[in-house]
Amino acid sequence: MAVSISENDDDDDFAESHEINVTPFIDVMLVLLIIFMVAAPLSTVDLPIDLPTSSATPQKKPDKPTYLSIKRDLTVAVGEELVKRATLLSTLDAVPGMSKDKYVFLRADKAVPYGELLGVMELLRSGGYTRVKLVALEGVPGAPDTSQPQPATP
């Protein structure tokens, strides 16, 4: 409860002020804004895929890339939607803004066998999607590859 004191008041009762103090509300909103600004870039991809590293120079990413992911359990996802391999091409055709002359960014977990990766690439090629880019994590050039366990030296 807020009160107002002025020099004109001759009586002992204070007049109540019916104004809301919005300063704490603004402080809380600014803190929430900062939290969301920091957390938003971290939540871009929700599929947990353990990508291998590469020392190649990174290339510019397009505005709205179409990601095709192969998870560790060999399930396939377009964006974040799990799809069956039989409906993969029709799902890609239904993606807004997707055409056969645009790139499909293929991400595969390190544990996915090479034959499975090639099987998905062959499926894409048979559907007319010949522009495929493989996605990997950025690595330091000349650094040892930590994706495979190194043999112990005696």
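The legends below describe close-up views of a predicted model.

**Figure 1. Overview of the chain and its secondary structure elements.** The chain contains three helices and nine strands. Read from the N terminus, the order of these elements is β-β-α-β-β-β-β-α-β-α-β-β. The chain has 154 residues, and 19% of them count as buried.

**Figure 2. Ser 69 and its polar contact with Arg 107.** Ser 69 belongs to strand β4, which spans residues 66–70. The side chains of Ser 69 and Arg 107 make a polar contact at 3.0 Å. Ser 69 counts as buried because its relative accessibility is 0%, and the cut-off for buried is under 20%.

**Figure 3. The aromatic pair of Tyr 67 and Phe 105.** One aromatic pair is found in a search of the whole structure. Its members are Tyr 67 and Phe 105, with ring centres 5.9 Å apart and an angle of 50° between the planes. The pair is classed as tilted, because the angle of 50° falls between the limit for stacked, under 30 degrees, and that for edge-to-face, over 60. Tyr 67 lies in strand β4 and Phe 105 in strand β7, so the pair links parts of the chain that are 38 residues apart. Phe 105 has a relative accessibility of 12% and therefore counts as buried.

**Figure 4. The salt bridge between Arg 72 and Asp 109.** Side chains of opposite charge can pair when their charged atoms come close. Four salt bridges are found in the whole structure, and the one shown here joins Arg 72 to Asp 109, with 3.5 Å between the closest N and O atoms. Distant parts of the chain are linked by this pair, the two residues being 37 residues apart. Arg 72 sits in the loop between β4 and β5 (76–78), while Asp 109 sits in the loop between β7 (104–108) and α3 (114–126).

**Figure 5. The salt bridge between Asp 93 and Lys 100.** The closest N and O atoms of Asp 93 and Lys 100 are 3.8 Å apart. This distance meets the salt-bridge cut-off, which is within 4 Å. Asp 93 is partly exposed, at 45% relative accessibility. Lys 100 is also partly exposed, with a relative accessible area of 39%.

**Figure 6. The salt bridge between Glu 122 and Arg 125 in helix α3.** The side chains of Glu 122 and Arg 125 meet at an N to O distance of 2.4 Å. The two residues are three residues apart in helix α3, so about one helical turn separates them. Glu 122 is partly exposed, at 40% relative accessible area, and Arg 125 is partly exposed, at 48%.

**Figure 7. The second largest pocket and its lining.** Rolling a probe the size of a water molecule over the atoms shows where empty space is left. The second largest pocket holds about 400 Å³ of space. Its lining is made up of 19 residues, of which Lys 64, Pro 65, Thr 66, Val 95 and Met 98 are the closest to the pocket centre. By class, nine lining residues are nonpolar, four are polar and six are charged.

Terms used. Residues are numbered from 1 along each chain as its sequence is written. This is a predicted model: local features need pLDDT of at least 70, side-chain atom pairs count only at pLDDT 80 or more; totals for chains, interfaces and linings use all residues. Side-chain values use heavy atoms; hydrogens and water are left out. Helices (H or I, at least four residues) and strands (E, at least two) are DSSP runs, numbered from the N terminus. Buried means under 20% relative accessible area, exposed over 50%, partly exposed in between (1.4 Å probe, protein chains only). A polar contact is a pair of N or O atoms within 3.5 Å; within protein, one must be able to donate a hydrogen and the other to accept it, and residues adjacent in sequence count only if both atoms are side-chain atoms. On a 1 Å grid over the protein atoms alone, a cavity is a set of points where a 1.4 Å probe fits but cannot get out, and a pocket is an open set with protein on both sides within 12 Å along at least five of seven lines; lining residues have an atom within 4 Å of a point. Grid points are joined across faces, edges and corners, and a volume is the space filled by probe spheres set on the points. Ala, Val, Leu, Ile, Met, Phe, Trp, Tyr, Cys and Pro count as nonpolar, Asp, Glu, Lys and Arg as charged, and the others, Gly among them, as polar. Rings of Phe, Tyr and Trp (its six-membered ring) pair if their centres lie within 6.5 Å; planes under 30 degrees apart count as stacked, over 60 as edge-to-face and the rest as tilted.
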